Amino acid sequence: MSVQETEREVILTHPTNKATAVKILKYGATVYSWTLDGQEQLWLSTAAHMDGSKPVRGGIPLVFPVFGKNETDELLSKLPQHGLARNSTWEFLGQTKSNPPTVQFGLNKNIANEEMTKLWGEEFNLILTIELGADFLKTAIEVENPSTSKDLKFNWLFHTYLRIPDIEDTMVSNLVGMKVHDKLLHEAFIDKHPVIQFHQETDVVYEKVTDERVVQVVRQGHPLHTVKRDNLPDVVVWNPWTEKSGGMADFEPKSGFKEMVCIEPGYVTDFVTLQPGKKWNASQILSKDKLKYQAIQ
Ligand code: BG6
């Protein structure tokens, strides 16, 4: 059987390779493990809360309807950092395809975390589709505004924690020439570095990166991860390094920052504004791919 459901999670196994699998916690509809031919591709903290008491530290937490902590919007500023999707138990909607195994999860105002829907009372329907290919993992989101009278304003982001052997030996490519907002320096500039390297805490948002730019995580000339995006123009690159990870109780082992980098495709610089009755779709595809250097446009 390629799809197994338990009370807490859903596991997909690829029909042609039992060592390729994805595990999804119903809490947050969080993908917390993706093994490709026996090799784990995602980073998960050993202290991650898997019991629904806190968002999962690792895997692919889902960020909606707000990225970060909003201070200005009348409604969204009431929500905690990164919104409510990662703090809500999603409904498992079932399997939609057998090969590649594909499943869906749903979330709406009625079943989302009540403490949070009290703070932000907008109506929304989310459908997350997870497709496990023999050599890729696709996560796709559909946001619907079911209201008949009000616009729905939101951010979306896949907060993807990629597993790597050594952060100091890792580069992120194909973002050269893009405008980047450095959240630590509170500055925006054009990044002219041919690749991103890591020697300290990094928390940056590359803005309006066209879908054709394929972001790759590269080590010693070999791509470890390839991230393709559809309708997700912003790319957050995050590594907490020593001090920040030291302050996070659910980040273990403390040396774990060396083995992860977050590449987070999202729609976060602007808000999506969805008119009543309309739908919005976006996706990310993770894979291993040939090394691809793309020229500055
Ligand atoms: C990133 C943000 O997306 O998420 C960082 O850019 C933030 O600023 C990080 O620190 C982790 O957030 P959290 O809420 O999961 O600790």
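In which strand is the place of V195? In this predicted model, V195 lies in strand β16, which covers residues 195–197. The chain as a whole has two helices and 22 strands, and its radius of gyration of 18 Å is close to the 19 Å that the globule rule gives for 297 residues, so the chain is as compact as a globular protein of that length.

**Whole chain**

- Taken along the principal axes, the box filled by the C-alpha atoms of the chain is roughly 50 × 50 × 40 Å.
- Buried residues make up 54% of the 297 residues of the chain, and the chain exposes about 13,200 Å², with carbon and sulfur atoms supplying 48% of that area.
- When contacts between residues at least 6 apart in sequence are considered, 66% of them join residues at least 24 apart.

**Aromatic pairs and cluster**

- A pair of aromatic rings is described by the distance of the centres and the angle of the planes.
- Searching the whole structure gives 13 aromatic pairs.
- For F64 and W156, the ring centres are 6.0 Å apart and the planes stand at 50 degrees, so this pair is tilted.
- Y267 and W280 form an edge-to-face aromatic pair, with 5.9 Å from centre to centre and 85 degrees between the planes.
- This second pair also links distant parts of the chain, since Y267 belongs to strand β21 (residues 260–274) and W280 to strand β22 (residues 279–287), 13 residues apart.
- W280 has a relative accessible area of 9% and is therefore buried, as buried means under 20%.
- One aromatic cluster is formed by F64, W120, F124, F154, W156, F158, Y267 and W280, and it thus includes the residues of the tilted pair F64 and W156 and of the edge-to-face pair Y267 and W280.

**Backbone geometry**

- Most residues other than glycine have a negative phi, and most peptide bonds are trans.
- N99 and P100 are joined by a cis peptide bond with omega at about -5 degrees, and P100 is placed in the loop between β7 and β8 (102–108).
- Another cis peptide bond, with omega at about -10 degrees, joins E252 and P253, and P253 is placed in the loop between α2 (241–246) and β21.
- N174 is not a glycine, although its phi is positive at about 75 degrees, and this residue is found in the loop between β13 (171–173) and β14 (179–182).
- With a relative accessibility of 2%, N174 counts as buried.
- H186, a residue other than glycine, likewise has a positive phi, near 55 degrees, and its place is in the loop between β14 and β15 (187–190).
- With a relative accessibility of 66%, H186 counts as exposed, because the cut-off for exposed is over 50%.

**Two residues and their contacts**

- T30 is located in strand β4, which covers residues 30–36, and counts as buried at 1% relative accessibility.
- If residues up to four places away in sequence are not counted, T30 touches K23, I24, L25, V56, G58, I60 and P61.
- V195, in strand β16, has a relative accessible area of 17% and is therefore buried, given that the cut-off for buried is under 20%.
- With residues up to four places away in sequence again not counted, V195 touches M171, V172, S173 and Y293.
- V195 and Y293 are 98 residues apart along the chain, while their C-alpha atoms are separated by 9.9 Å.

How values were computed
Residues numbered from 1 in each chain as written. Predicted model: local features only at pLDDT ≥ 70, side-chain atom pairs only at ≥ 80, totals over all residues. Heavy atoms only, no water. Helix = DSSP H or I, 4+ residues; strand = E, 2+ residues; numbered from the N terminus. Rg over C-alpha atoms; globule rule 2.2 N^0.38 Å. Buried < 20%, exposed > 50% of the residue type's maximum accessible area, 1.4 Å probe, protein only. Contact = heavy atoms within 4.5 Å. Areas by Shrake-Rupley, 256 points an atom, 1.4 Å probe, with all protein chains shown as cover. Phe/Tyr/Trp six-rings, centres within 6.5 Å; stacked < 30°, edge-to-face > 60°.
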